[in-house]
Amino acid sequence: MPPKMPPDNGDDPVLAQYEAYPYPARDPRDEAERLITGSPSHLAEVNHYLFAGRRDFALPFRARGAGGGTGDAAIMLAQQLSDEAGSGSAPGEVVYLDISEAAREIAEARAAARGLANLRFVTGSLEDLPGLGLGPFDYIDCCGVVHHLAEPAAGLRALVAVLAEGGGLGLMVYGALGRTGVYPLQEALRDLGAGLALAERVGLARRLLDDLPATNWFRRNPFLGDHKRSDAELVDLLLHARDRAYRVSELVGLLEGAGLVPVAFPEALRYGPASYLADPKLLKRLDGLAWLQRAGLAEALAGNIKTHVVYAAPHGSTEGRIALPDRPEAIPVLSDDDEGGGPAMAEAVGQSLSLTVNLDGVKLRLALPRLAPAMLARIDGRASLGEIHRDLQALDSGLDWPAFRAQFDQLYRALNGLGRLLIRYPSASG
């Protein structure tokens, strides 16, 4: 399908780009087949990292998608809030905001395909959010937005201005090292495509990608493949009118400039230097490093982190945000990535008592405890740790709570570090 001709957008090339190539490319008919989920903003993840696992989503909850694009985060949040509320409660509200009418049309069609009634659509810029009278919000999704703003820090401050007390944000920005090769190629395409319409520059970019020398850094970067999926993805990656990428230290500075503090990187293993080092003397040098220093070091060692996903909260309000698996009433929840749930993962772990994962080229073998298969087989998002312990104690009378906790903690460190195991607590509404 040819792209829509962009309207007259004055001097805003970013708006013109998204009107012509709404991003990401989505077909509303696909909503009948699947719900796109991810990080940040999966509701179980939001609850775990910002509300200590204790948020009752059957009660009023307002979320906002900043720079909603074609609707991935807004649709995910609205559907999950609707599912959490059930038939007896009104689902929380999600407010979608984006500058592009073309992107909004696709997002609205996706919402209509799902019959979602808890999603409100607004066209506008997040920089103007404080003046739109839309807040306050308990949670704000800001995925892939601020790195396209002329003034990213001002954009983040606008979001903080409409954040409810006790609320937080989920943020994704580009990672500088994992995008090695992107910006020289963007520069080359600006030179080659000067004076051409955007659609012509897309064709030019395709030709250039086929003709790059083997030494080109973009061609040598195996972690970048978005441009292969659609023209919209190619435009966003290589022909974007404005974007930048961040190192961990720069991301922390960006957040601090808006009065925010990082709470957690949900894929913690990617940000742990021990994931990339084996030499005991080198590992010893990690002692005493603050967690954000360790995260920056891990980024430098890995070289493959192309996006940073982080949960953040206003300065002075980060204490006690993350759910802890330290009480019998804690309920372990596996992420949507694990099809078949706990029983399927238990079978995969099998007798090896280990899990092998590939972090974009870095292979890790995670040792799991003796009871990992039995625990995983009982994790269904409803059973509490206390219930799982009692179930296993019936098979092993010597398994007291401290012994059970020691084994579960080992399992939790491995799977939570991959973003695959979260914690929630029972809600007052059941």
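A pocket here is an open set of grid points with protein on both sides within 12 Å along at least five of seven lines, and its lining residues have an atom within 4 Å of a point. Keep that in mind for the first stop. The model on screen is predicted.

**Stop 1: the second largest pocket**

Select Ala44, Glu84, Val333, Gly381 and Arg424. Of the 31 residues that line the second largest pocket, these lie nearest its centre. The space inside is about 640 Å³. Now colour by element. Two or more lining residues come from each of α2 (43–50), α3 (72–85), β8 (331–334), α13 (341–349) and β11 (421–424). Colour the lining by class next: 12 residues are nonpolar, 10 polar and 9 charged.

**Stop 2: salt bridges**

The whole structure holds 21 salt bridges. Start with Glu31 and Arg114. Their closest N and O atoms are 2.6 Å apart. Glu31 sits in the loop between α1 (13–20) and α2, while Arg114 belongs to helix α4 (residues 101–114); 83 residues separate the two, so the bridge links distant parts of the chain. Is Glu31 buried or exposed? Its relative accessibility is 6%, so Glu31 counts as buried.

Move to Arg110 and Asp72. Their side chains form a salt bridge at 2.8 Å, N to O. This one ties helix α4 (Arg110) to helix α3 (Asp72), across 38 residues of chain. Both partners are buried.

For another setting, pick Asp380 and Arg382. Their salt bridge spans 3.3 Å, N to O. Asp380 is partly exposed because its relative accessibility is 39%. Arg382, at 61%, counts as exposed.

Then select Arg26, Asp30, Glu31, Arg34, Asp72, Arg110 and Arg114 together. Salt bridges with shared partners join these residues into one network.

**Stop 3: the open sheet**

Switch to cartoon view. Trace 7 strands in the order β3-β2-β1-β4-β5-β7-β6; they form an open sheet with mixed pairing. Which strands stand at the edges? They are β3 (119–123) and β6 (260–264); each has a single partner strand, so one side of each lacks a neighbour in the sheet. On average, neighbouring strands are turned by 25° against each other, direction ignored.

Finish on β4 (residues 137–143) and β5 (residues 163–174). The two run parallel and are joined by 6 bridges. Select Phe137, then its bridge partner in β5, Leu163.

Technical notes:
Residues numbered from 1 in each chain as written. Predicted model: local features only at pLDDT ≥ 70, side-chain atom pairs only at ≥ 80, totals over all residues. Heavy atoms only, no water. 1 Å grid on protein atoms, 1.4 Å probe; cavity = no way out; pocket = protein on both sides within 12 Å on 5 of 7 lines; lining within 4 Å. Points joined across faces, edges and corners; volume = space filled by probe spheres on them. Helix = DSSP H or I, 4+ residues; strand = E, 2+ residues; numbered from the N terminus. Nonpolar A, V, L, I, M, F, W, Y, C, P; charged D, E, K, R; others polar. Salt bridge = Lys/Arg side-chain N within 4 Å of Asp/Glu carboxyl O. Buried < 20%, exposed > 50% of the residue type's maximum accessible area, 1.4 Å probe, protein only. Pairing = 2+ DSSP bridges. Axes fitted to C-alpha atoms, helices over the stretch in contact; angles between N-to-C directions.
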